[in-house]
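Keep the sequence and the 3D view side by side.

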Amino acid sequence: MKKILVINPNSNASVTSGLADALLGWRGHADLEIECATLQEGPFGIESAADIRAVEPLLLNAIQQRDDCAAYVIACYSDPGLPACRAAVAKPIFGMQQSAVATAIALGGRFGVLALSQASIDRHLVYLDTLGVSQHLAGEKPLDLSVDGAANDPRALQRIIAVGQELISANGASVLILGCAGMARHRRAAEQALQVPVIDPVQAAVALAAGVLSAS
């Protein structure tokens, strides 16, 4: 059995719990084991460029210590440390944002992103330009929530639905991406309310990882 390690780079265990719940569908898979882990030394939420820089060496160390795994998912939408980890580790490593965007593009149309804040959007737009996929973006709007708020604020789901409706009606998005690991627990309810595909990036990353491992 091959193991995929999903690492939550922040130290908020409730975010990790939400990731595990989002991946329940993979339980019982004959050939795969999914493990979700919290980076205890990480910040409580990754919400700034400084947080991203701080967590990169911690992620690399965590991955290098888990040679028992066949693939890894960095469960933060900013994909912190992804190039460095890929350069140092000769196993598949998947970032949530890259995986979610690839999945959205495969579904067709243009995608909208629900971000935590305007500062998050500024970073995401630069990253999309680097990936060469900005032409597929319908728009990105902030929820004005923290990582913990996205996971635990009782108003988070209604905020996701309201902003998602704006992206669909005003920006023409036909697919939506939840732009933070803390939103994972809200995907199903948001999709039911909005009636368009809503992508949870950790599910997208694990699906891609599973596909690579099954082909190897």
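**Two sheets and a helix between topics**

Just after helix H5, Gly-132 takes a positive phi of about 75°. The model is predicted: local features need pLDDT of at least 70, side-chain atom pairs count only at pLDDT 80 or more, and totals for chains, interfaces and linings use all residues. Residues are numbered from 1 along each chain as its sequence is written, and side-chain values use heavy atoms, with hydrogens and water left out. Helices (H or I, at least four residues) and strands (E, at least two) are DSSP runs, numbered from the N terminus.

Stay with H5. This helix holds 14 residues, 118-131. The expected span is 1.5 Å times one less than the number of residues. That gives 20 Å for H5, and its end C-alpha atoms are 20 Å apart, which agrees.

Which residues of H5 are buried? They are Ser-120, Ile-121, His-124, Tyr-127 and Leu-128. Their arc around the axis is only 125°, which puts them on the same side of H5. The arc is taken from the directions from the helix axis to the C-beta atoms. Buried means under 20% relative accessible area, exposed over 50%, and partly exposed in between (1.4 Å probe, protein chains only). The face turned away from the buried side of H5 carries the exposed residues Val-126, Asp-129 and Thr-130.

What do the buried residues of H5 pack against? Their partners are helix H3 (82-88), helix H4 (96-107), strand S5 (111-115) and strand S6 (137-142). Contact means heavy atoms within 4.5 Å. Take H4 from that list. Gln-97, Gln-98 and Val-101 in H4 meet His-124, Tyr-127, Leu-128 and Leu-131 in H5. The axes of H4 and H5 come within 12 Å and cross at roughly 65°. Axes are lines fitted to C-alpha atoms, for helices over the stretch in contact, and angles run from 0 to 180 degrees between N-to-C directions.

Now turn to a sheet. Strands S2-S1-S3-S4, in that order, form an open sheet of 4 strands with parallel pairing. Its edge strands are S2 (32-38) and S4 (93-95), each pairing on one side only. The twist averages 20° from one strand to the next. Two strands pair if DSSP finds at least two bridges between them. S1 (residues 2-8) and S2 pair in the parallel sense over 7 bridges. Lys-2 stands opposite Leu-32 in S2. Helix H1 (residues 13-22) packs on this sheet, touching S1 and S2, and its direction makes about 165° with that of S2. H4 packs on the sheet too, touching S3 (71-74) and S4, at about 70° to the direction of S4.

A further open sheet has 4 strands in the order S6-S5-S7-S8, again with parallel pairing. S6 and S8 (198-199) are the edge strands: each pairs on one side only. S5 is joined to S7 (residues 175-178) by 4 bridges, and the two run parallel. Gly-112 stands opposite Leu-176 in S7. Helix H7 (residues 156-169) packs on this sheet, touching S5, S6 and S7, and its direction makes about 150° with that of S6.

One residue remains. Leu-60 lies in helix H2 (residues 49-64). At 22% relative accessibility, Leu-60 counts as partly exposed. Leaving aside neighbours within four places in sequence, Leu-60 is in contact with Ala-84, Cys-85, Ala-88 and Val-89.
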